[in-house]
Amino acid sequence: MLLSKYILDKKNGANDTIVLLRENYAELSEKYDKLEAENKELREQISTLMATINMLEKSLDDCRNKWGDTYE
């Protein structure tokens, strides 16, 4: 009788562990998806900033080329 109870308790404990693992996996998966979305948004912002920097550099070069000859 004690052996049967031990086996059932052990089986229930394993089931509890599986349930906890599934809950943890679901929570981690949700957090991972959120981080992926934030990462994508940050990459888009970086790309926009880089494009702006490139435009400003080109504009600065154009100004130097246009007005640089005047002061030499």
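K58 is exposed, at a relative accessible area of 52%. Here, exposed means over 50% relative accessible area, buried means under 20%, and partly exposed lies in between (1.4 Å probe, protein chains only). The model is predicted: local features need pLDDT of at least 70, side-chain atom pairs count only at pLDDT 80 or more, and totals for chains, interfaces and linings use all residues. Residues are numbered from 1 along each chain as its sequence is written, and side-chain values use heavy atoms, with hydrogens and water left out.

K58 forms a salt bridge with D62. The closest N and O atoms of this pair are 3.1 Å apart. A salt bridge is defined as a side-chain nitrogen of Lys or Arg within 4 Å of a carboxyl oxygen of Asp or Glu. Side chains of opposite charge can pair when their charged atoms come close. K58 and D62 are four residues apart in helix α1, so about one helical turn separates them. D62 is partly exposed, with 39% relative accessibility.

The search of the whole structure finds three salt bridges. Another one joins D61 to R64, with 3.8 Å between the closest N and O atoms. D61 and R64 lie three residues apart in helix α1, and therefore about one helical turn apart. R64 counts as exposed at 53% relative accessibility. D61 counts as partly exposed at 38%.

K31 also forms a salt bridge, with E27 as its partner. Their closest N and O atoms are 3.2 Å apart. Because K31 and E27 are four residues apart in helix α1, about one helical turn separates the two. K31 is partly exposed, at 47% relative accessibility. E27 is likewise partly exposed, with a relative accessible area of 43%.

The chain contains one helix and zero strands. Both element types are DSSP runs numbered from the N terminus: helices (H or I) have at least four residues, strands (E) at least two. Helix α1 covers residues 2–68 and includes I53. I53 is partly exposed, with 40% relative accessibility.

I53 also belongs to a nonpolar surface patch, together with I46 and M50. The three residues have about 280 Å² of accessible area together. Patches consist of residues with over 30% relative accessible area and no salt bridge; like charges are joined within 9 Å, and nonpolar side chains (Val, Leu, Ile, Met, Phe, Trp, Tyr) within 5 Å. Accessible areas come from the Shrake-Rupley method with a 1.4 Å probe, and for residues only the protein chains shown count as cover.

Of the 72 residues of the chain, 0% count as buried. The accessible surface of the chain comes to about 7,300 Å². Carbon and sulfur atoms account for 61% of that surface.
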